[in-house]
Amino acid sequence: AAIRGNRLTQAEIRFAAPAPALKLRLTALAKADGAGVRGVKVHEIEAYAEAGEGPTTPLRSQAASTQVPRLSTPAAETADEPLLWREDFAKFASAAKFNWDGHDDTWVLNADKLKAETRAGGGIAIVCTAPEGYAGMAHFFPYDPAYRYCQIKIGAIAGEGYRWLVAGFRDSSGKPGFRGAVHTSRPGIYTVDTHYVNAIFREGTARQCFLTLSVAGSAKQPDGTVKAGPAFIVDWLQLARRPQDGLAVTLADGSPLPMALTQRDELLFRLFLQQPALDATLEVSGGSNYAPIPLNGQNSLQLLRVGTKDGTEWAAQVTLGPGTGTFDGGSGYPVFFRAVITGGAIKDSYATAAVRFE
(Lines give C-alpha, C1' and ligand atoms only; values in the text may rest on other atoms or scores of the structure.)
Protein backbone atom coordinates (compact mmCIF):
# COMPACT_ATOMS: atom_id res chain seq x y z
CA ALA A 1 0.00 0.00 0.00
CA ALA A 2 1.26 3.49 -0.80
CA ILE A 3 0.70 6.86 0.85
CA ARG A 4 1.88 9.97 -0.99
CA GLY A 5 1.79 13.60 0.00
CA ASN A 6 1.19 12.69 3.63
CA ARG A 7 1.54 15.51 6.18
CA LEU A 8 -0.20 13.84 9.09
CA THR A 9 1.70 12.86 12.21
CA GLN A 10 0.10 9.42 12.06
CA ALA A 11 -0.77 7.50 8.90
CA GLU A 12 -3.08 4.49 8.98
CA ILE A 13 -3.33 1.65 6.47
CA ARG A 14 -6.34 -0.65 6.79
CA PHE A 15 -6.37 -3.96 4.96
CA ALA A 16 -9.73 -5.43 4.05
CA ALA A 17 -8.74 -8.62 5.88
CA PRO A 18 -5.78 -9.69 8.02
CA ALA A 19 -2.74 -10.26 5.82
CA PRO A 20 -0.44 -13.16 6.79
CA ALA A 21 3.08 -11.72 7.00
CA LEU A 22 6.46 -12.38 8.53
CA LYS A 23 7.72 -8.82 8.21
CA LEU A 24 6.74 -5.28 7.26
CA ARG A 25 8.85 -3.04 5.05
CA LEU A 26 8.55 0.74 4.89
CA THR A 27 10.07 2.47 1.86
CA ALA A 28 10.46 6.25 2.08
CA LEU A 29 10.59 7.83 -1.38
CA ALA A 30 10.72 11.49 -0.33
CA LYS A 31 10.65 13.83 2.65
CA ALA A 32 8.41 16.76 3.37
CA ASP A 33 9.70 20.21 2.53
CA GLY A 34 10.20 22.73 5.28
CA ALA A 35 12.68 24.33 7.60
CA GLY A 36 14.56 21.89 9.78
CA VAL A 37 13.55 18.82 7.76
CA ARG A 38 16.79 16.89 7.24
CA GLY A 39 15.57 13.48 6.29
CA VAL A 40 13.08 10.76 7.01
CA LYS A 41 12.57 9.74 10.62
CA VAL A 42 10.32 6.89 11.65
CA HIS A 43 9.23 7.05 15.27
CA GLU A 44 7.12 3.93 15.47
CA ILE A 45 5.35 1.27 13.42
CA GLU A 46 2.46 -0.68 14.93
CA ALA A 47 0.66 -3.63 13.37
CA TYR A 48 -2.62 -5.20 14.51
CA ALA A 49 -4.40 -8.41 13.67
CA GLU A 50 -7.77 -6.66 13.40
CA ALA A 51 -8.51 -4.39 10.45
CA GLY A 52 -9.84 -1.49 12.53
CA GLU A 53 -12.54 1.01 11.60
CA GLY A 54 -12.71 3.26 8.59
CA PRO A 55 -12.18 2.90 4.84
CA THR A 56 -9.73 0.28 3.68
CA THR A 57 -6.53 1.23 1.87
CA PRO A 58 -6.26 0.00 -1.73
CA LEU A 59 -3.57 -2.64 -2.07
CA ARG A 60 -1.34 -3.22 -5.08
CA SER A 61 -0.14 -6.78 -5.60
CA GLN A 62 3.42 -7.28 -6.81
CA ALA A 63 4.98 -10.50 -8.03
CA ALA A 64 8.23 -11.50 -6.36
CA SER A 65 11.36 -10.92 -8.43
CA THR A 66 13.03 -14.03 -7.09
CA GLN A 67 12.42 -17.57 -8.29
CA VAL A 68 13.29 -21.03 -7.03
CA PRO A 69 16.77 -21.77 -8.42
CA ARG A 70 17.23 -24.42 -11.07
CA LEU A 71 20.82 -25.30 -10.14
CA SER A 72 21.37 -28.74 -8.60
CA THR A 73 24.02 -29.10 -5.90
CA PRO A 74 27.48 -29.54 -7.50
CA ALA A 75 29.08 -32.84 -6.47
CA ALA A 76 32.27 -31.09 -5.35
CA GLU A 77 30.38 -29.19 -2.63
CA THR A 78 29.50 -32.26 -0.57
CA ALA A 79 32.41 -34.62 -1.27
CA ASP A 80 35.09 -35.51 1.30
CA GLU A 81 36.28 -32.91 3.82
CA PRO A 82 34.35 -29.61 3.84
CA LEU A 83 37.48 -27.49 4.46
CA LEU A 84 40.88 -27.59 2.77
CA TRP A 85 42.34 -25.48 5.56
CA ARG A 86 41.31 -23.11 8.34
CA GLU A 87 43.46 -20.38 9.89
CA ASP A 88 42.32 -19.27 13.35
CA PHE A 89 45.75 -17.87 14.30
CA ALA A 90 46.08 -20.25 17.28
CA LYS A 91 49.57 -21.15 16.01
CA PHE A 92 50.40 -17.75 14.59
CA ALA A 93 54.02 -17.21 13.58
CA SER A 94 55.53 -14.36 11.61
CA ALA A 95 58.67 -13.56 9.66
CA ALA A 96 60.17 -10.43 8.16
CA LYS A 97 60.40 -11.85 4.63
CA PHE A 98 59.73 -14.87 2.46
CA ASN A 99 62.45 -17.41 1.71
CA TRP A 100 60.87 -18.26 -1.65
CA ASP A 101 62.01 -21.85 -1.25
CA GLY A 102 58.58 -23.44 -1.48
CA HIS A 103 58.39 -23.93 2.28
CA ASP A 104 57.15 -20.57 3.49
CA ASP A 105 54.50 -21.34 6.10
CA THR A 106 54.34 -18.19 8.25
CA TRP A 107 52.74 -14.78 7.95
CA VAL A 108 55.21 -12.23 6.58
CA LEU A 109 54.94 -8.66 7.86
CA ASN A 110 56.99 -5.62 8.83
CA ALA A 111 56.75 -5.45 12.63
CA ASP A 112 57.66 -1.76 12.55
CA LYS A 113 54.55 -0.99 10.51
CA LEU A 114 52.03 -3.61 11.54
CA LYS A 115 51.16 -4.84 15.02
CA ALA A 116 49.63 -8.32 15.09
CA GLU A 117 48.59 -9.89 18.39
CA THR A 118 46.78 -13.20 18.82
CA ARG A 119 43.72 -13.31 21.03
CA ALA A 120 42.72 -15.80 23.71
CA GLY A 121 40.38 -18.34 22.19
CA GLY A 122 41.55 -17.68 18.64
CA GLY A 123 41.72 -14.79 16.24
CA ILE A 124 44.14 -11.93 15.84
CA ALA A 125 44.09 -8.15 16.31
CA ILE A 126 45.83 -6.25 13.49
CA VAL A 127 46.78 -2.59 13.92
CA CYS A 128 48.53 -0.38 11.39
CA THR A 129 51.41 1.66 12.83
CA ALA A 130 52.95 2.78 9.54
CA PRO A 131 53.55 6.48 8.78
CA GLU A 132 52.16 5.81 5.28
CA GLY A 133 48.77 5.04 6.81
CA TYR A 134 48.48 1.41 5.67
CA ALA A 135 50.31 -1.91 6.07
CA GLY A 136 49.67 -5.60 5.57
CA MET A 137 50.79 -9.18 5.96
CA ALA A 138 50.80 -12.15 3.59
CA HIS A 139 50.75 -15.96 3.70
CA PHE A 140 50.85 -18.88 1.26
CA PHE A 141 48.11 -21.52 1.58
CA PRO A 142 47.28 -24.67 -0.42
CA TYR A 143 44.65 -24.44 -3.13
CA ASP A 144 42.31 -26.91 -4.81
CA PRO A 145 39.55 -25.78 -7.22
CA ALA A 146 37.07 -28.12 -5.52
CA TYR A 147 37.36 -25.82 -2.50
CA ARG A 148 35.85 -22.87 -4.30
CA TYR A 149 35.00 -20.43 -1.52
CA CYS A 150 37.42 -18.41 0.59
CA GLN A 151 35.91 -16.96 3.74
CA ILE A 152 37.05 -14.42 6.30
CA LYS A 153 35.35 -13.46 9.53
CA ILE A 154 36.03 -9.92 10.74
CA GLY A 155 34.91 -10.00 14.35
CA ALA A 156 35.16 -6.28 15.13
CA ILE A 157 36.77 -2.99 14.14
CA ALA A 158 37.58 -0.77 17.11
CA GLY A 159 39.21 2.64 17.39
CA GLU A 160 39.59 5.84 15.41
CA GLY A 161 41.00 6.23 11.93
CA TYR A 162 40.31 5.01 8.42
CA ARG A 163 38.37 1.81 9.13
CA TRP A 164 39.01 -0.30 6.04
CA LEU A 165 40.37 -3.80 5.69
CA VAL A 166 41.42 -5.30 2.36
CA ALA A 167 41.82 -9.06 1.97
CA GLY A 168 43.49 -10.19 -1.25
CA PHE A 169 43.32 -13.63 -2.86
CA ARG A 170 45.70 -14.20 -5.77
CA ASP A 171 49.04 -15.75 -6.67
CA SER A 172 52.40 -14.21 -5.78
CA SER A 173 53.43 -13.26 -9.31
CA GLY A 174 52.10 -9.72 -9.17
CA LYS A 175 50.63 -10.15 -12.65
CA PRO A 176 47.48 -8.16 -13.52
CA GLY A 177 44.11 -9.75 -14.14
CA PHE A 178 43.21 -10.79 -10.59
CA ARG A 179 39.90 -9.43 -9.36
CA GLY A 180 39.49 -8.06 -5.84
CA ALA A 181 38.39 -10.11 -2.87
CA VAL A 182 37.25 -8.23 0.28
CA HIS A 183 37.37 -4.46 0.80
CA THR A 184 35.21 -3.34 3.71
CA SER A 185 34.75 -1.24 6.83
CA ARG A 186 32.09 -3.52 8.34
CA PRO A 187 32.59 -6.55 10.59
CA GLY A 188 31.01 -9.77 9.39
CA ILE A 189 31.54 -13.03 7.53
CA TYR A 190 32.66 -12.51 3.93
CA THR A 191 32.69 -15.11 1.17
CA VAL A 192 34.75 -14.83 -2.02
CA ASP A 193 34.17 -17.06 -5.03
CA THR A 194 37.78 -17.91 -5.95
CA HIS A 195 36.69 -19.07 -9.42
CA TYR A 196 35.69 -15.50 -10.18
CA VAL A 197 39.08 -14.08 -9.10
CA ASN A 198 41.14 -15.55 -11.96
CA ALA A 199 41.07 -18.43 -14.44
CA ILE A 200 44.02 -20.14 -12.71
CA PHE A 201 41.76 -20.91 -9.74
CA ARG A 202 38.79 -21.86 -11.86
CA GLU A 203 40.76 -24.19 -14.13
CA GLY A 204 42.84 -25.74 -11.36
CA THR A 205 46.29 -24.74 -12.59
CA ALA A 206 47.03 -23.01 -9.27
CA ARG A 207 48.03 -25.29 -6.41
CA GLN A 208 48.75 -22.43 -4.01
CA CYS A 209 47.03 -19.16 -3.16
CA PHE A 210 48.64 -16.00 -1.83
CA LEU A 211 46.51 -14.31 0.83
CA THR A 212 47.05 -10.76 2.02
CA LEU A 213 45.45 -8.85 4.89
CA SER A 214 45.94 -5.09 4.70
CA VAL A 215 44.60 -2.52 7.15
CA ALA A 216 44.69 1.25 7.31
CA GLY A 217 44.06 4.13 9.67
CA SER A 218 47.41 5.16 11.14
CA ALA A 219 48.50 8.79 10.83
CA LYS A 220 51.80 10.64 11.16
CA GLN A 221 51.66 13.40 13.78
CA PRO A 222 53.28 16.88 13.58
CA ASP A 223 55.91 15.80 16.11
CA GLY A 224 56.97 12.89 13.90
CA THR A 225 55.28 10.16 15.91
CA VAL A 226 52.66 7.86 14.43
CA LYS A 227 49.15 7.49 15.80
CA ALA A 228 48.10 3.88 15.45
CA GLY A 229 45.02 2.98 13.44
CA PRO A 230 41.96 1.01 14.50
CA ALA A 231 42.24 -2.58 15.70
CA PHE A 232 40.87 -5.02 13.14
CA ILE A 233 39.88 -8.32 14.75
CA VAL A 234 40.07 -11.23 12.31
CA ASP A 235 38.62 -14.38 13.85
CA TRP A 236 39.46 -16.84 11.07
CA LEU A 237 40.10 -17.52 7.40
CA GLN A 238 39.19 -20.72 5.58
CA LEU A 239 38.90 -22.34 2.17
CA ALA A 240 35.66 -24.34 1.87
CA ARG A 241 33.79 -26.52 -0.60
CA ARG A 242 30.67 -24.54 0.20
CA PRO A 243 30.38 -21.48 2.45
CA GLN A 244 29.77 -21.98 6.15
CA ASP A 245 27.42 -19.26 7.46
CA GLY A 246 28.19 -17.71 4.09
CA LEU A 247 26.60 -16.31 0.96
CA ALA A 248 27.58 -17.51 -2.52
CA VAL A 249 26.78 -15.34 -5.55
CA THR A 250 27.14 -16.74 -9.08
CA LEU A 251 25.35 -16.76 -12.39
CA ALA A 252 22.29 -18.99 -12.53
CA ASP A 253 24.22 -21.90 -14.06
CA GLY A 254 26.79 -21.78 -11.25
CA SER A 255 29.53 -20.08 -13.26
CA PRO A 256 31.39 -17.15 -11.68
CA LEU A 257 30.27 -13.55 -12.09
CA PRO A 258 31.55 -11.81 -15.25
CA MET A 259 33.24 -8.41 -15.27
CA ALA A 260 29.92 -6.69 -16.03
CA LEU A 261 26.26 -7.47 -15.47
CA THR A 262 23.50 -6.28 -17.78
CA GLN A 263 19.76 -6.73 -18.14
CA ARG A 264 18.63 -10.31 -18.75
CA ASP A 265 21.60 -11.72 -16.84
CA GLU A 266 20.45 -14.32 -14.30
CA LEU A 267 21.97 -14.30 -10.82
CA LEU A 268 21.91 -17.06 -8.23
CA PHE A 269 22.13 -16.37 -4.49
CA ARG A 270 22.73 -19.22 -2.04
CA LEU A 271 22.99 -18.85 1.72
CA PHE A 272 24.28 -21.70 3.90
CA LEU A 273 23.74 -21.43 7.67
CA GLN A 274 25.08 -23.55 10.50
CA GLN A 275 21.90 -22.94 12.55
CA PRO A 276 18.32 -22.54 11.25
CA ALA A 277 16.83 -19.10 10.68
CA LEU A 278 13.25 -17.87 10.30
CA ASP A 279 13.84 -15.68 7.27
CA ALA A 280 16.53 -14.37 4.93
CA THR A 281 16.54 -11.55 2.40
CA LEU A 282 19.19 -10.07 0.13
CA GLU A 283 20.44 -6.49 -0.25
CA VAL A 284 23.01 -5.13 -2.70
CA SER A 285 25.12 -2.01 -2.15
CA GLY A 286 28.32 -0.38 -3.31
CA GLY A 287 30.84 2.32 -2.58
CA SER A 288 32.37 3.62 0.63
CA ASN A 289 28.92 4.54 1.96
CA TYR A 290 27.27 1.23 1.02
CA ALA A 291 24.69 2.96 -1.17
CA PRO A 292 21.84 0.64 -2.21
CA ILE A 293 21.92 -0.88 -5.70
CA PRO A 294 18.33 -1.88 -6.51
CA LEU A 295 17.63 -5.08 -8.40
CA ASN A 296 14.54 -4.78 -10.58
CA GLY A 297 13.50 -1.70 -8.60
CA GLN A 298 13.73 -3.44 -5.22
CA ASN A 299 16.28 -2.84 -2.48
CA SER A 300 15.49 -6.14 -0.76
CA LEU A 301 14.87 -9.54 -2.35
CA GLN A 302 13.33 -12.53 -0.64
CA LEU A 303 15.45 -15.68 -0.34
CA LEU A 304 13.57 -18.98 -0.32
CA ARG A 305 13.93 -22.09 1.82
CA VAL A 306 15.57 -24.87 -0.19
CA GLY A 307 17.22 -28.22 0.52
CA THR A 308 15.58 -29.79 3.55
CA LYS A 309 13.71 -26.50 4.08
CA ASP A 310 14.66 -26.44 7.75
CA GLY A 311 15.92 -22.87 7.56
CA THR A 312 19.61 -23.67 7.14
CA GLU A 313 19.75 -23.35 3.35
CA TRP A 314 18.29 -20.43 1.39
CA ALA A 315 18.47 -19.54 -2.28
CA ALA A 316 16.89 -17.49 -5.02
CA GLN A 317 17.37 -16.82 -8.69
CA VAL A 318 16.66 -13.44 -10.28
CA THR A 319 16.74 -12.13 -13.84
CA LEU A 320 18.02 -8.55 -13.99
CA GLY A 321 15.59 -6.17 -15.64
CA PRO A 322 14.28 -2.58 -15.56
CA GLY A 323 14.87 -0.77 -12.29
CA THR A 324 18.27 -2.36 -11.69
CA GLY A 325 20.81 0.23 -10.59
CA THR A 326 24.19 1.03 -12.10
CA PHE A 327 27.48 0.90 -10.21
CA ASP A 328 31.12 0.40 -11.15
CA GLY A 329 32.52 -2.06 -8.66
CA GLY A 330 35.28 -3.11 -11.02
CA SER A 331 37.79 -0.79 -9.41
CA GLY A 332 37.99 0.77 -5.99
CA TYR A 333 35.13 -0.24 -3.74
CA PRO A 334 33.43 -3.52 -4.70
CA VAL A 335 29.80 -4.56 -4.78
CA PHE A 336 28.48 -5.86 -1.45
CA PHE A 337 25.87 -8.62 -1.49
CA ARG A 338 24.40 -8.91 2.00
CA ALA A 339 22.12 -11.65 3.29
CA VAL A 340 19.99 -10.22 6.10
CA ILE A 341 19.02 -13.01 8.48
CA THR A 342 16.06 -13.01 10.88
CA GLY A 343 15.75 -15.38 13.82
CA GLY A 344 19.10 -17.10 13.33
CA ALA A 345 22.45 -17.41 15.08
CA ILE A 346 23.98 -14.61 12.97
CA LYS A 347 22.38 -11.40 11.71
CA ASP A 348 23.97 -11.20 8.27
CA SER A 349 26.59 -12.54 5.88
CA TYR A 350 28.36 -10.90 2.94
CA ALA A 351 29.75 -11.75 -0.47
CA THR A 352 31.83 -9.18 -2.32
CA ALA A 353 32.74 -8.90 -6.00
CA ALA A 354 34.55 -6.48 -8.29
CA VAL A 355 31.74 -6.32 -10.82
CA ARG A 356 30.00 -3.56 -12.79
CA PHE A 357 26.24 -3.21 -12.88
CA GLU A 358 25.63 -1.69 -16.32
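**A pocket, a buried phenylalanine and the cysteines**

The second largest pocket holds about 230 Å³ of space, in what is a predicted model. Its lining runs to 20 residues, and V166, A167, R179, G180 and A181 are the ones closest to the pocket centre. Two elements each give two or more residues to this lining, namely β8 (165-170) and β9 (182-184). Of the contributors, β8 gives the most, with five residues.

Next up is F269, which sits in strand β17, spanning residues 266-272. With a relative accessible area of 0%, F269 counts as buried, because the cut-off for that label is under 20%. Leaving out residues up to four places away in sequence, F269 touches L247, A248, V249, L282, L295, L303, W314, A315, A316, V318 and F337. Take W314 from that list: 45 residues separate F269 and W314 in sequence, while their C-alpha atoms are 8.1 Å apart in space.

Then there are the cysteines. The structure holds zero disulfides. C150 is buried, at a relative accessible area of 8%. C128 is buried too, with a value of 0%.

Notes. Residues are numbered from 1 along each chain as its sequence is written. This is a predicted model: local features need pLDDT of at least 70, side-chain atom pairs count only at pLDDT 80 or more; totals for chains, interfaces and linings use all residues. Side-chain values use heavy atoms; hydrogens and water are left out. Helices (H or I, at least four residues) and strands (E, at least two) are DSSP runs, numbered from the N terminus. Buried means under 20% relative accessible area, exposed over 50%, partly exposed in between (1.4 Å probe, protein chains only). Contact means heavy atoms within 4.5 Å. A disulfide is a pair of cysteine sulfur atoms within 2.5 Å. On a 1 Å grid over the protein atoms alone, a cavity is a set of points where a 1.4 Å probe fits but cannot get out, and a pocket is an open set with protein on both sides within 12 Å along at least five of seven lines; lining residues have an atom within 4 Å of a point. Grid points are joined across faces, edges and corners, and a volume is the space filled by probe spheres set on the points.
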